[in-house]
Amino acid sequence: MTTLSERLESIRARMAQACARAGRPASEVNLLPVSKTFPEPVLREAAALGLHRFAENRPQELRDKSALMADLPLQWVLIGQLQTNKVKDVVRHACEVQSLDRLALAQALDARLQKEGLSMSVLIQVKTSDEPSKAGLLPEDLPDFMRALQGMSSLQVKGLMTLAVLSDDEQAVRACFRKLRECRDRLQQSGFETVSRLSMGMSGDFEIAIEEGATEVRVGSALFGGR
């Protein structure tokens with residue numbers, strides 16, 4: 001049995017190797033630990049190892065863990081789908097939402113943030129595969145969506161997020177990540193220079209994502225163990 005410390009060291013080494021293959025400095029890619037379903041003691045152990053930013057899928061779990069661990073200087077990121085009736089909890093406990101995928105959600109977030117006197121960084125979730133189960137905005141709808149967000153001063157759009165196709169075909173997975181990078185590049189060429197981050201890659205494919213330009217990889221089971 002490996003320890004959490006050993007798994008973290010291994011993941012960081014694999015990230016550095018992937019960066020080297022891509023000719024990128026390792027400092028360009030951040031690790032976002034996905035802590036969904038893992039209990040407080042495990043997260044406290046991770047925090048003791050220097051991890052301070054954790055991702056959750058469910059707003060309720062994010063809220064509860066944030067309260068339980070309020071004694072530590074942690075940041076919480078929502079990466080799962082968000083319904084508009086859960087916006088209040090997320091605004092109060094998360095530093096970022098990476099699953100913004102529709103105008104109604106953007107409007108609800110902006111209204112609540114304005115009411116609370118807060119602002120929040122967001123990533124737009126983009127659908128880069130044909131899988132029906134995958135959520136996200138279609139790539140061709142991104143420019144209009146970005147223009148619609150320009151009047152929402154509390155939302156700071158920092159980048160894009162995607163989930164690759166679930167497949168053993170490396171080229172199919174790689175194509176999803178490449179598509180997200182191309183979406184980012186087109187937005188920047190259109191004047192949206194602040195859209196720079198690419199959150200893509202999980203436990204099974206984060207090295208491919210790094211080779212295709214990821215600036216952040218979301219790793220859960222490879223770090224914390226099986227759920």
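This report walks through a helix face, a pocket, the cysteines and several single residues of a predicted model.

## Ground rules

Because the model is predicted, local features need pLDDT of at least 70 and side-chain atom pairs count only at pLDDT 80 or more, while totals for chains, interfaces and linings use all residues. Numbering runs from 1 along each chain as its sequence is written, and side-chain values use heavy atoms, with hydrogens and water left out.

Helices (H or I, at least four residues) and strands (E, at least two) are DSSP runs, numbered from the N terminus. Let's start with helix 6, residues 142-149. Its buried residues are Leu-142, Phe-145, Met-146 and Leu-149, where buried means under 20% relative accessible area, exposed over 50%, and partly exposed in between (1.4 Å probe, protein chains only). These residues sit on the same side of helix 6 because they cover an arc of only 100° around the axis; the arc is that of the directions from the helix axis to the C-beta atoms. As background, an α-helix has 3.6 residues a turn, so residues three or four places apart point the same way.

What covers these buried residues? Contact here means heavy atoms within 4.5 Å.

## The largest pocket

The largest pocket has a volume of about 320 Å³. On a 1 Å grid over the protein atoms alone, a pocket is an open set of points where a 1.4 Å probe fits, with protein on both sides within 12 Å along at least five of seven lines. Grid points are joined across faces, edges and corners, and the volume is the space filled by probe spheres set on the points.

Its lining is made of 19 residues, each with an atom within 4 Å of a point. Lys-36, Asn-57, Ile-79, Leu-163 and Met-202 lie nearest the pocket centre. By class, the lining holds seven nonpolar, eight polar and four charged residues. In that scheme Ala, Val, Leu, Ile, Met, Phe, Trp, Tyr, Cys and Pro count as nonpolar, Asp, Glu, Lys and Arg as charged, and the others, Gly among them, as polar.

## Cysteines

How many disulfides does the structure hold? There are zero disulfides, a disulfide being a pair of cysteine sulfur atoms within 2.5 Å. For Cys-183, the closest cysteine sulfur is that of Cys-176, 11 Å away, which is too far for a bond. Cys-183 is buried, with a relative accessible area of 2%, and Cys-19 is buried as well, at 1%.

Val-77 belongs to strand 3, residues 75-78, and is buried with a relative accessible area of 0%. Leaving aside residues up to four places away in sequence, Val-77 touches Leu-32, Arg-53, Phe-54, Ala-55, Glu-56, Leu-62, Cys-95, Glu-96 and Gln-98.

Ala-67, in helix 3 (residues 59-68), is exposed at 52% relative accessible area. Its C-alpha atom is separated by 19 Å from that of Leu-82, 15 residues apart along the chain.

Thr-37 is found in the loop between strand 1 (30-33) and helix 2 (40-48). Its phi is near 75°, a positive value in a residue other than glycine. Most residues other than glycine have a negative phi. Thr-37 is exposed, with a relative accessible area of 51%.

Gly-136, between strand 5 and helix 6, is partly exposed at 23%; among its contacts beyond four places in sequence are Asp-101 and Gln-125. Gly-151, in the loop between helix 6 and strand 6, counts as exposed at 68% relative accessibility. Gly-151 and Val-42 are 109 residues apart in sequence and 41 Å apart in space, C-alpha to C-alpha.
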